[in-house]
Amino acid sequence: MLSPWGPLRTIWDFVSLMILLKDVVSLPLLLLGVDMDSLFSTWQAMSSLSLVFWCLDIVLSFFTGYYSKGTLVLDQRRVVMSYLRTWFLIDLLVILNDIMMEADVYPDGLEQETVAARFLRFLRLIRILRLGKLSQISHFLLDQFDSQVGSLYFSLGMVMICMMLVEHVIACFWFGLGTADGGHETWLSRNNLDKLTFMTKYTYSLRWALAQLGIGSTEIEAVTEAEGYYSVFVAFVSIITFSTVISSMTSLVEALHKSKQEETREFGLLKRFLRQNRIPMELSERVTRSLRYAYHEKTARAQEHPAILALLPKPMLADLDFARYKKFLLTIPLFQQLTDNPMMNLLAGQLLRKVACAAVSITSAAEGDAILCCGAVGESCFIPLEGSMQYWQGDVCESEVAADTLVAEMCLWTDWNYVGDLISSSFSKVAAIMVADVCLCIANVPDAQHETGIYARRYVQALNAQEGLSDLWQFVGMHEKDEVEKNISGSNRWRCAWPWRWSARVSP
């Protein structure tokens, strides 16, 4: 079964949106009897591909889950019954009509003015039923944006597209009234436009439609009675369309302007503060760059904890935090070993959820910021997530620290003072894992204490075997325990602080 939020469904729905927009553009023209092949050389191929796509869409819908009152339903039988009760008959009716049109099942040789020909042309309107999915798909795609600014631009673009589509439909029907062969003078013949090419006449029609919204002007007026009725109808539609579009665009543009205005105001106050307090130019530039990075990160990404998450029950909130932090929590070898052990898998999940909720925080660092400092008491271990960092010991840069590298794991298992400096060399993001909170989480899961004690003792034994010390040192693994113990050679510089976590440091 496919999730409605999965990547395949997202791509599929985006393609659906594009094809639906194509149908909205082409359907009024097809009702007018316009030969689309003469306008677009690839029209026949596009129509065939669209037909295949919608046939596959019916099949895919039988295997795509849905949400019922906030619950994701992936049960095959319930998914099938839900689709049969909702969109299946509409999709099937539209597909059958498209297949008959594509295969030229309808009789040829009918005169354009016959009732049968008009009825067969009217059958194309069945496609309009598919437009009911347009709003659903556009809302789904809107939810894919992580930033508020991106969603505002998408909403603004959709409003403009919808306005142009409405004007396109109005222009097509006005064009159809002008080409109606009833032996009467029409707006086309009155203005000597009936001999022009299709695209020229369509352009005049679109200008007339836009003029009804007050956008530009035109000298074209209704001539026949039908054109007069249609003009009055369009006038009312234009009032509704104009007010709706203007209000929507105003609110969206105002939201974008407010966002830009807030940024300008905040950084204006910052520059004034730095100038009034005579902050050195170099430091001022560092502060400004750092805050610009942090500000744009805040606006480009979803909030760390949206207020609505407070409504979640605690077990589900723990699952959410676990899903966010699982990747780098498993860089701690103990947690990876517990997860890989079939006998401890359930226990590991329980422990990691506690740690994810209580011990993990994500922080940003500007260029030149120190994440850890030599000599400071080790209260956290760190995992770089984004950006670049360097590890220094004294005046020597030991190495570049790659993303997802566990730094200062020894803080978890023994009393430790950092022996180097971890410096951010660009705007970076790092996960900090608080030692005290991790130990408290382990202490609250009794079954995990025995495994943790074994791992901690072997870790400290391996640490004592090292000749040089580094916060970047990685444990070789419990499977090499014998080799580690052979290399210790009586050294006991560090004492395992588990289960008495905060025991004193033993001098070398």
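Predicted model: local features only at pLDDT ≥ 70, side-chain atom pairs only at ≥ 80, totals over all residues.

Trainee: How many bridges join strand 6 to strand 7, and in which sense do the strands run?

Mentor: The general idea is that strands of a sheet pair through backbone hydrogen bonds, either parallel or antiparallel. Here, strand 6 (residues 389–393) and strand 7 (residues 396–401) run antiparallel and are joined by five bridges. The two strands form a hairpin with two residues between them, and G394 takes a positive phi near 70° there.

Trainee: Which residues of strand 8 are the bridge partners of M389 and Y391?

Mentor: Strand 6 is also joined to strand 8 (residues 421–424), by four bridges, and these strands run antiparallel. M389 has S424 as its bridge partner in strand 8, while Y391 is partnered by L422. Strand 8 pairs in the antiparallel sense with strand 4 (residues 370–372) as well, over two bridges. In that pairing, L372 stands opposite L422.

Trainee: Which residues of strand 8 form its covered face, and which its uncovered one?

Mentor: In a regular strand the side chains alternate between the two faces of the sheet. In strand 8, L422 and S424 make up the covered face, whereas D421 and I423 belong to the uncovered one.

Trainee: What follows strand 8, and where does S426 lie?

Mentor: S426 lies in the loop between strand 8 and strand 9. Its relative accessibility is 21%, and S426 therefore counts as partly exposed, since the buried class requires a value under 20%. Leaving aside residues up to four places away in sequence, S426 touches A365, A366, E367, G387 and S388. The C-alpha atoms of S426 and D369 are separated by 8.9 Å, although these residues are 57 residues apart along the chain.

Trainee: In what order are the strands of the three-stranded open sheet arranged?

Mentor: The order is 3-9-5, with antiparallel pairing. Strand 3 (360–365) and strand 5 (380–386) stand at the edges with a single partner strand each, so one side of each has no neighbour in the sheet. On average, neighbouring strands of this sheet are turned by 30° against each other, direction ignored. As for the pairing itself, strand 3 and strand 9 (residues 428–434) are antiparallel over six bridges.

Trainee: Which strands does helix 13 lie across?

Mentor: Helix 13 (residues 314–329) lies across strand 3, strand 5 and strand 9, and runs at about 75° to strand 3. Helix 16 (residues 435–443) packs on the sheet too, touching strand 5 and strand 9. The direction of helix 16 makes about 45° with that of strand 9.

Trainee: Why is helix 3 described as roughly antiparallel to helix 5?

Mentor: The axes of helix 3 and helix 5 (residues 88–102) come within 10 Å and cross at roughly 150°. Because angles over 145 degrees count as roughly antiparallel, helix 3 is placed in that class relative to helix 5. This crossing is left-handed. Among the residues in contact are L51, W54 and I58 of helix 3, with F88, L92 and I95 of helix 5. The contact has eight nonpolar, three polar and four charged residues.

Trainee: What may be said of the protein chain as a whole?

Mentor: The protein chain has 18 helices and nine strands. Of its 508 residues, 40% are buried. Among contacts in the chain with a separation of 6 or more, 73% come from residues 24 or more positions apart.

Key. Residues numbered from 1 in each chain as written. Heavy atoms only, no water. Pairing = 2+ DSSP bridges. Axes fitted to C-alpha atoms, helices over the stretch in contact; angles between N-to-C directions. Parallel < 35°, antiparallel > 145°, perpendicular 65-115°, else oblique. Left-handed = near helix turned anticlockwise from the far one by under 90°. Contact = heavy atoms within 4.5 Å. Nonpolar A, V, L, I, M, F, W, Y, C, P; charged D, E, K, R; others polar. Buried < 20%, exposed > 50% of the residue type's maximum accessible area, 1.4 Å probe, protein only.
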